[in-house]
Amino acid sequence: MPRTEVLEKVPIDDSYFLFRSCVSSSKYPGIETSTEEVFARLGIELEDSPEQSCCGGFITFTSLAEVTASLPAVARNLSIIEESGKNALTMCNGCHMFLTEFGHFMDHNPDITNKVNEMLGMLGREYKGSSHVLHMLEAVAGLKERIKEQITNPLKGLRVATHYGCHYLYGFKHDAVDDPYMPTVLEELIDIAGAENVTYPEARTCCGSGLTQIIIHKEEMSLPFLKRKLDSLKKIEADALIVVCPYCMTILDRGQFKMEERGIEEYGVPVLYINQLLGLAMGIDPVKLGLEAHITPVKRLLEKLEASNA
Amino acid sequence: MRKIGVFVCHCGTNISSMVDIDRVIDSANRLPDVACAIDYQFTCSAPGQTQIRDTIKKYDLDGVVIAACSPRMHEPTFRKTLRDAGLNPYMMEMANIREHTSWVALSRDEATAKAIDLVRMKVAKVARLRPLEEIHLPVTRRALVIGGGVAGIGAALDIADGGVDVILVERSPSLGGHMAQYDKTFPTLDCASCILTPKMVEVASHPNIKLLTYSEVEKVTGFVGAYSVKVRKRARSVNLEKCNGCGTCLEVCPVSVPSEFDASLAERSAIYRPFPQAVPAAPAIDRESCIYFRTGKCRACEKVCPADAVDYAQEDETVEVQVGAIVVATGFHFFDARKYTEYGYGSYKDVISWLQFERLTNASGPTGGKLRRPSDGKEPKSIVFIHCVGSRDPSKGFPYCSRICCMATAKHAVITRSKIPDARIYSFYIDIRAAGKGYEEFVRRAIEKEDVQFIKGRPSRIVQRDDKLLVRSEDAFLGRQIEVEADMVILTNGAAAQNDAAELAQMLGIGYDQYGFFSELHPKLRPVETNRAGIFLAGMCQGPKDIPESVAQASASAAKVLGILSRDQIAREPVIAEVDRGRCTGCMDCMEVCFFTAVEEDEFMGRKVAKVLQGVCQGCGACVAQCSSGAMELCAFSDEQIHAEITALFAVEVTE
């Protein structure tokens, strides 16, 4: 069940700092464009900065270096957010986790922060610890009443399943906007978009990613997880799977192609970012939502929508 | 000038290994009020006490400082020694040079310096002590037992058999508690109700026991030997005198609500008897679900009652009873397994709680004792038990072990095997804790003879696929992930304190821990007493324990109650607050802050003044701190005595 006390604390601002994510920028431009389009409809400005870099997660996720090696990158990004004077909005579970977790770590370890700030000083920057980083799921859940007003093309008859991703709900068990094992926030948004919620047994399990698994263990660790998940998803004949993390999206979208390519199984369930689904319900052009960049084709989904709207 | 004797104890080497005893003696000997300072290996031993007595006589001492362990340990011992030597027992202070000094110090020099300081402070205090006399109070020969589960029943019967009147207050409509819901007891597989219901009947028919069911204790005032207790008898809407327990009304009631007794697996009517063997057999009307009380229409039960016992006009009634001692046996409630959302309790129908399993296997349960899945009524062929749901898990706020669940699960597994011989039974555990007579053997039986697969691992989640439940877990011995396909999963929820335990503890004025379990006075030596004299504990309300332990505690409490009530008078420590009526302005701030309601208004020379009730005051000192005019003082802890201690602490040691 959604946590009302967290929802109430979501700051509803006129503008946010949009923290771009490497995966969405390089693989799924639609995640960014749909976010921009949807927030424009809601009358909320999004500002970003060309100065921003990778959140810093890659170093830790891949176990390439010690955890603290990410700190200067995280602190630099946070200092850019601080400079904007706005609350930040992340589109990726990993970015959210890194910025929030490491920010918290630095706020409670002044010695380390001083060291990090020495390094940032060379770039003429300083980490102060004054920013607030929001996850996209928190933001859209907090804005649901305003989203309701913007729905022009309810997605009638569309069968939609969900996948939340581990790093937000599990990583922030006590502070996240929903319960990690029985979340319902996304389902509520799907209701608002006018689509039909469908559930599958493996809805709340991991996509099989975890960068370590993908890079180091690849086949034997990662693929069985993915297959179990996709098999379960296929049975319920969903029209789309909704995610809130570009990395989960990569695994679930491209994973289907991989399975098919290797002759393991055919799935064909398009994977959409939450804002892409909301965008469709707001009548935004699918091209603007970047749906064409998806590896698992969305054609059938769009045809079904067109048919039901006609 | 006082003649004070200082006795320094070595406590074997507990003290002497860290404290230089000779230097302590030497320093004490130089203090002006000290007549003699001597040491001994074990001051608390018989020869040690003889030494004190002889020294008191030899030097004609009028005050004693004993530098040894904590006063919690041996203050009563040495008070008695003083009395035997003809000295007022309250002319003694203990300097704690063990727990507060030798056991915690890092260097011998520091420990010795602290011991010297403590002795000097206590000498300064003893020089200002005055003799106090113990308070003697009359005793009301009647006891109150709160809670009618197996512990409360045991305590009430033991006290009543000792010839003392007992009032037993139970919140629900019937005696029995959780044990009445169980199917069998471990490790003998005795039928739970077969051994409990005769006891319930015995309570109801005992000439010395007055049973108040559907009642709650609202207020407790007074003190050991003379408690005054307000009990609210909730309106049962059925006249207990007239009702013959025929049960006709239960059949005509049109209402169906989830049955608490059957753990929501079955339904009951609005006029209900929790279970067939309930004592008393008379039903009660649950006014929240009764159609008549909600809409003013129906009265079906009244129409059919042959004894004319249904009485809608009944109202709550408050009675005040006088008792000399109280046994608290309010039990526990099961941890709410919905907090483990990963197991889906509450969402998946076939994930059930331990209590629901008990009802499913019980012959008087909703399935007549046949083990069936709640979802489709089919016989489960693969059954998974999960231990420690709400136990040993700091992340859920329950880091303690609930003690009974390992055995309960072994029992459930064995019962399952007898009901479904070809079932696959799995039990996921963290550790098996089977410390008890015949317990380990019973678990071995489950593993070796009953073919129950015990898997060391804590399941990470349960996923429903079609009509199966997939339990995913690590297998700590194999070191890899496993998945078990189950038809039914039983969560062995831990034991938690009653939701309103803290409120009850505050009303009774007894201590409780961070989990809501009531605190015993001493974990080893006073396991059933509380910090309030005359109030005792029995059963789960003090902490998780099994039935034999609960019953043993009940008997222990009963023995304590009989001990108090066998006397005409009881003596109390005179360490209580005292009013200087010349200084008291009658503002009564002290009455406001008194937790024990020990202060009342009095009149002195035409003025309003405060008065401390000797028997009620517990000597906590709240009123002393509150009093703006300095009229309140605590005997043996007066301002003068404490100032003297502080002054002595900072005094420079006199050197020759």
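In strand β7 of chain A, A:Ile242 is the bridge partner of A:Thr162. The model in which this pairing is seen is a predicted one.

**The sheet of chain A**

Strand β5 of chain A, residues 159–162, and strand β7 of chain A, residues 240–243, run parallel and are joined by three bridges. Both strands belong to an open sheet of four strands in chain A, whose order is β6-β5-β7-β8 and whose pairing is parallel. At its edges lie β6 (196–197) and β8 (271–273) of chain A, each of which pairs on one side only.

**The two domains of chain A**

The domain assignment divides chain A into domain 1, covering 4–136, and domain 2, covering 146–309. The C-alpha centres of domain 1 and domain 2 of chain A are 24 Å apart, and the contact between them draws 28 residues from domain 1 of chain A and 32 residues from domain 2 of chain A. On the side of domain 1 of chain A that touches domain 2 of chain A, the elements giving two or more residues are α1 (4–9), α2 (22–27), α3 (29–41) and α6 (93–107) of chain A. Of these, α3 of chain A supplies the largest share of that side, with nine residues. Sorted by class, the side of domain 1 of chain A that touches domain 2 of chain A holds 13 nonpolar, 12 polar and three charged residues.

Strand β6 of chain B, residues 142–146, is largely enclosed by the rest of the structure, because four of its five residues are buried. Strands of a sheet pair through backbone hydrogen bonds, in either the parallel or the antiparallel sense.

| Partner of β6 (chain B) | Sense | Bridges | Facing residues |
|---|---|---|---|
| β18 of chain B, residues 325–328 | parallel | four bridges | B:Ile146 and B:Val328 |

How many bridges link β6 of chain B to β18 of chain B? Four bridges do so, in the parallel sense, and among the residues involved B:Ile146 has B:Val328 of β18 of chain B as its bridge partner.

Notes. Residues numbered from 1 in each chain as written. Chains lettered and ligands numbered in written order. Predicted model: local features only at pLDDT ≥ 70, side-chain atom pairs only at ≥ 80, totals over all residues. Buried ≥ 20, exposed ≤ 12 C-beta atoms within 10 Å, placed from the backbone. Pairing = 2+ DSSP bridges. Domains from an automatic or database assignment. Contact = placed C-beta atoms within 7 Å. Nonpolar A, V, L, I, M, F, W, Y, C, P; charged D, E, K, R; others polar.
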